[in-house]
Amino acid sequence: MQTTSKTFKIPFYTLVVFNIALLIALSFILLNGSNGFMDAERINIKDKTGKNRIVISNMDNIPPPIINGKTFQRAVNPAGIIFYDKHGDERGGIAITDDETTNLNAIALDYQNADAIGVLAQDNKEDSYFKAGLIINDKDLSGKPGHNINRINLVTENGNAALIMKDANEVPRIILKVDSLGNPSIEMFDKNGSLNWKQ
């Protein structure tokens, strides 16, 4: 129970940081905006050393990810908020991606080298596909930037709800599911991903 509590505290603290950033931005708007409004394509909130700690940006000005002081190419360029540690490395954020086919919104909290926990919501514009869930990763101890090991997924996808637990090789080993018709099931797999028990 204590582990579960800690897991759900992390998204809570992310929302607290987001609210603080929002309050700072609103205070600036109210104190300095000529009409009570401020238009900006990007806002950088820095510490006293000049390093970014929070960046609020549109998709055209979102900064690239920084890991161990190195800059990398971002897979997609969302609008959103990015959080940084005291060294200037990315440690998570809130991303809003809206292209011609898909709406994808996510909250991520990072290890030093890659995503640790993610909350996502997706729905497609051209079909009825939708997905929402909580993603939990192990840290990849090799230290490769952007690498992690996906271990737990709690998702609903097109009406099918599932808890998927994987081994250290990302092979699903246990799946608890309730499908779109309300049918529950438990599936267990061997290390090769072959089904060896179902109820």
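User: What makes a pair of side chains a salt bridge?
Analyst: A salt bridge is a side-chain nitrogen of Lys or Arg within 4 Å of a carboxyl oxygen of Asp or Glu. The model here is predicted. Six salt bridges are found in the structure.

User: Why is the pair of aspartate 85 and arginine 91 called a salt bridge?
Analyst: The closest N and O atoms of aspartate 85 and arginine 91 are 3.2 Å apart. The cut-off is 4 Å, so the pair qualifies as a salt bridge.

User: Is aspartate 85 buried or exposed, and how do you know?
Analyst: Aspartate 85 has a relative accessible area of 11%. Buried means under 20%, so aspartate 85 is buried.

User: Why does arginine 91 count as partly exposed?
Analyst: Its relative accessibility is 29%.

User: What makes lysine 125 and aspartate 98 a salt bridge?
Analyst: Their side chains meet at 2.4 Å, N to O. That is within 4 Å, so the term applies. This pair links distant parts of the chain, 27 residues apart. Lysine 125 sits in the loop between strand E8 (115-124) and strand E9 (130-139), while aspartate 98 is in strand E6 (residues 90-98).

User: Why are lysine 125 and aspartate 98 called partly exposed?
Analyst: Lysine 125 has a relative accessible area of 42%. For aspartate 98 the value is 48%. Exposed means over 50% and buried under 20%, so both residues are partly exposed.

User: How do you know that arginine 151 and aspartate 138 form a salt bridge?
Analyst: The closest N and O atoms of arginine 151 and aspartate 138 are 2.6 Å apart. The limit is 4 Å, so this is a salt bridge. The pair links distant parts of the chain: arginine 151 lies in strand E10 (residues 148-157) and aspartate 138 in strand E9, 13 residues apart. Arginine 151 is partly exposed, with a relative accessible area of 25%. Aspartate 138 counts as partly exposed too, at 30% relative accessibility.

User: Why does glutamate 90 count as buried?
Analyst: Glutamate 90 has 13% relative accessibility. The limit for buried is under 20%, so glutamate 90 counts as buried. The residue is found in strand E6. Glutamate 90 touches Pro64, Pro65, Ile66, Arg74, Ile82, Phe83, Tyr84 and Asp110, leaving aside residues up to four places away in sequence.

User: What makes the link between the side chains of glutamate 90 and arginine 74 a polar contact?
Analyst: The two side chains come to 2.9 Å.

User: In what order do the strands of the open sheet run?
Analyst: Twelve strands form the sheet, in the order E1-E2-E5-E6-E7-E8-E9-E10-E11-E12-E13-E14, with antiparallel pairing.

User: Why do strand E1 (42-46) and E14 stand at the edges?
Analyst: Each has a single partner strand, so one side of each is left without a neighbour in the sheet. Neighbouring strands of this sheet are turned by 10° against each other on average, direction ignored.

User: How do you know that E11 and strand E12 (residues 172-178) pair?
Analyst: Six bridges join E11 to E12. Pairing needs at least two bridges, so these strands pair. They run antiparallel. Isoleucine 164 stands opposite isoleucine 175 in E12.

User: Why is tryptophan 197 called partly exposed?
Analyst: Tryptophan 197 has 39% relative accessibility. That falls between 20% and 50%, so the residue is partly exposed. Tryptophan 197 is found in strand E14 (residues 195-198). Leaving aside residues up to four places away in sequence, tryptophan 197 touches Ile186, Glu187 and Met188. Tryptophan 197 and glutamate 187 are ten residues apart in sequence and 5.8 Å apart in space, C-alpha to C-alpha.

User: What is the share of buried residues in the protein chain?
Analyst: Of the 199 residues, 27% count as buried. The protein chain holds one helix and 14 strands.

Key. Residues numbered from 1 in each chain as written. Predicted model: local features only at pLDDT ≥ 70, side-chain atom pairs only at ≥ 80, totals over all residues. Heavy atoms only, no water. Buried < 20%, exposed > 50% of the residue type's maximum accessible area, 1.4 Å probe, protein only. Helix = DSSP H or I, 4+ residues; strand = E, 2+ residues; numbered from the N terminus. Polar contact = N/O pair within 3.5 Å; in protein donor to acceptor, adjacent residues only side chain to side chain. Contact = heavy atoms within 4.5 Å. Axes fitted to C-alpha atoms, helices over the stretch in contact; angles between N-to-C directions.
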